[in-house]
Amino acid sequence: MKNQVLSALSTTLAALAIALPAAAQNGDGNLVIKAGKVITNAGETLENGTIVIQNGRITAVGKDIEYPWNAQVREFPDAVAFPGFVEAHTTRGMDRANENIDVAAFLNVRDSIDPVNFYYEDALRAGITTINVQQGADCVVGGMGYVVKPVGMTVEQMTVRPNSGLAMSASPKRGKSRATQAQALRRAFDDLHRYLDETVQEKKEGKDYATREAMFQGREPDEETAKGRPMTGSAWKVEGLELVPRWELDEKQAPLLSVVEGKTRVFLFCGSPMEVMTALSIASENGFLHRTVLVLDNSCWKAADAIAERGVPVVLDPNLMYVERDPLTGEEQRTFVPKVFQDKGIEFALRSAGNSGQSLWYQAAICMANGLTREQAIAATTTVPAKLLGLGDRVGSLEKGKDGNVVLFSGDPLSVRSFVQNVVIEGNLVYDRATDTRAMHLDSGAQPDNTAPYDPNGDWKPHCCDDPTHEHVVKTDEGEDPQEVEEAPAKKHNHPVDGDKDGDKDKDADKQGEDK
C-alpha cells in the first residue's frame, strides 16, 4: 500500500512539474521581449523585433523602440515570436464533459474546471494561450462556458472571461432520436415563455410566490437585478416583465431569458446537415441567431450554403477531411472541409485534434497543405476564434493594447520541426522548455527524480541512495532478520519497506505452502 501511495504521489508531483516553475517565474506583468523574428499577425513581420509589455498588456511592438530603463529584458535571438493560439472550443480540462439532465442552463463549467489537468500542460507546450472550455454535446441545453488561460493553480487565476456562452445541441443525446431532440430543444424555450407569462400574471394579482421562492433558495438582489426591466429581444417578448425584479426569476430559466434577449452567446452542436437546419430554425424562432456559433461535425459542410446565407460563424470538427463513397460508382470521395467554408465566405475556427501532437499549429499546417493561404490558416487559429469569443480586442495578434501573450518558437510556428521554447502570458513567463521535465524526458531520455515506476522485482532503491556501494540495513514491520529479508525478491534493498501487494501475495503463498 505504501508503494502505491508513493507511486501516486510521484505522478501528482510530475503533474505539477509545469505549474510550479511557472508560478515561480511569474512577475508583475512587465517584460520586454527581443526576438529574431516577430510575427504580429496584424499585417507585418519584423526581423529583430521588440515587444514591450507593461501591466500585462502590450504597449509597443516594433524595431529599435524605446522601453523603460528598469524593465526586465529577455532576448531570444534565434526564436520566432508569435501570438498565442486560441482554442475556440474544447470539452477537455474538466472533470466531466456532460451531465445526465437534459436542460442544465443553470450550471457553469467554472465548477468543473481542473487547474492541474494534464490538458493545460499540453496546451502550453503547443503554444495555446486562450481556451474556451464548454460542456459536451450530450445535452439539450448545457451549462455556461468559461474562457481560461492554461496557467494558474485556481480557476480564479486562470480566468480570462467568465460566461463565454451557453451550450446547446441539435444532435441527439443518448437515448433520443433526432426528432425528440429537436422537440426537447424547442420545449425548453416554450417552457421559458410559459414561466414568464405565469410569473408576470402572479405579480399583477399581487402574489409574491416568486419573491418567497427566491428568498427560500438563498438568492439576494444586487445593483443589476434589484429592479425589473422590460424584456428585450427580436423574436418574442412577454409584456409586463418589468414588474418582476430580475433577482426573483428562477435560476433555471434566467440563462435562457438572457439568450432570447440576445445577451448571451450560444454554442450550438450539429452532428449532421439536417441538424444544421434544425439549429438555424430554432435560433431564428427565438431571436438568438446573431449570437450563435455552430459547432459542426465534418459532414455539415453539405449545409454550407444555408449557413452562409444566414451569416453564422462556425467551429469545425477536428477531422478536417470528410470521406464518403459514391453510391453509384463506389469510388472514394474526399472533401477538405475548411476549403468549402472559406470559399463560401463563412468565418470558421479550427479545433485541436485531441492531443499536443495534433494541436492548432498542426491543423493550420494541414489547411495550408490543402489549398488555404498561410494568412487564412493562421487566422482560423488566432484572430477568428478570438472574435467568436468576444475577445478580438484582447488576444489573437501582437498589437498595442492587447494582452501580453507571446509564444516563442524555435522556428516557423507551422513547421513540424519547430517546438515551443517559451510562453509568456500577460507579461509573465509561464513556460520554459528547458525546465519542462516531461519534454526533457522525451528529448534526451532524462528521468526526473522520483518519477520512475516502482518495480518490486527490480533493483530499485530510494532516491536518497546515490552510492551503489552503500550498504543499508533492513527494517521491516515484523522485525525480521536482515539475512532472511534479503532472500525475498521484493525486498532486495535494505530500507524500511511496508508490505506491498506483491509482497503480501508472496507471504500468503509461503503460508499456504507451510499449511500443506
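In what follows, contact means heavy atoms within 4.5 Å. With that settled, take Lys302, which touches Pro273, Tyr322 and Glu324, not counting residues up to four places away in sequence.

First, the basis. This is a predicted model, in which local features need pLDDT of at least 70 and side-chain atom pairs count only at pLDDT 80 or more, while totals for chains, interfaces and linings use all residues. Residues are numbered from 1 along each chain as its sequence is written, and side-chain values use heavy atoms, with hydrogens and water left out.

The overview, then. The protein chain has 16 helices and 17 strands; helices (H or I, at least four residues) and strands (E, at least two) are DSSP runs, numbered from the N terminus. Of the 516 residues in the protein chain, 48% are buried. Buried means under 20% relative accessible area, exposed means over 50%, and partly exposed is in between, with a 1.4 Å probe and protein chains only. Among contacts in the protein chain with a separation of 6 or more, 65% are between residues 24 or more positions apart.

Next, the cores. As background, nonpolar side chains in soluble globular proteins tend to be buried together. A nonpolar core here is a set of buried Ala, Val, Leu, Ile, Met, Phe, Trp, Tyr and Cys residues joined through side-chain atoms within 4.5 Å. The largest one has 93 residues, and the members that touch the most others are Met168, Leu196, Leu294 and Phe341. Helix H5, residues 178–204, supplies the largest share of this core, eight residues. Another core lies apart from it, with 18 residues that include Val86, Val160, Val384 and Val395.

Gln181 is buried, with a relative accessible area of 0%. Leaving aside neighbours within four places in sequence, Gln181 is in contact with Cys139, Val140, Ser169, Ala170, Ser171, Pro172, Lys173 and Lys176.

Now the packing of H5 on helix H8, residues 273–285. The two pack at an angle of about 10°, with their axes 11 Å apart. Axes are lines fitted to C-alpha atoms, for helices over the stretch in contact, and angles run from 0 to 180 degrees between N-to-C directions. Angles under 35 degrees count as roughly parallel, over 145 as roughly antiparallel, 65 to 115 as roughly perpendicular and the rest as oblique. H5 and H8 are therefore roughly parallel to each other. On the H5 side the contact is made by Arg178, Ala182, Leu185, Arg186 and Phe189, and on the H8 side by Met274, Glu275, Thr278, Ser281, Ile282 and Glu285. These residues divide into five nonpolar, two polar and four charged. In that count Ala, Val, Leu, Ile, Met, Phe, Trp, Tyr, Cys and Pro are nonpolar, Asp, Glu, Lys and Arg are charged, and the others, Gly among them, are polar.

That brings us back to Lys302. Where is Lys302 found? The residue is in the loop between strand S10 (292–296) and helix H9 (304–310). Lys302 counts as partly exposed, at 43% relative accessibility. Its C-alpha atom is separated by 9.4 Å from that of Met274, 28 residues apart along the chain.

Ala126 counts as buried, at 5% relative accessibility. Ala126 and Trp361 are 235 residues apart in sequence, yet 7.6 Å apart in space, C-alpha to C-alpha. Ala126 touches Phe85, Ser359, Trp361 and Val420, again not counting residues up to four places away in sequence.

Last, two asparagines with positive phi. Asn41 lies in the loop between strand S1 (31–39) and strand S2 (45–54), and its phi is near 65°. Asn55 is in the loop between S2 and strand S3 (57–62), with a phi of about 55°. Buried, partly exposed or exposed: which is Asn55? At 65% relative accessibility, Asn55 counts as exposed, whereas Asn41 is partly exposed, with a relative accessible area of 23%.
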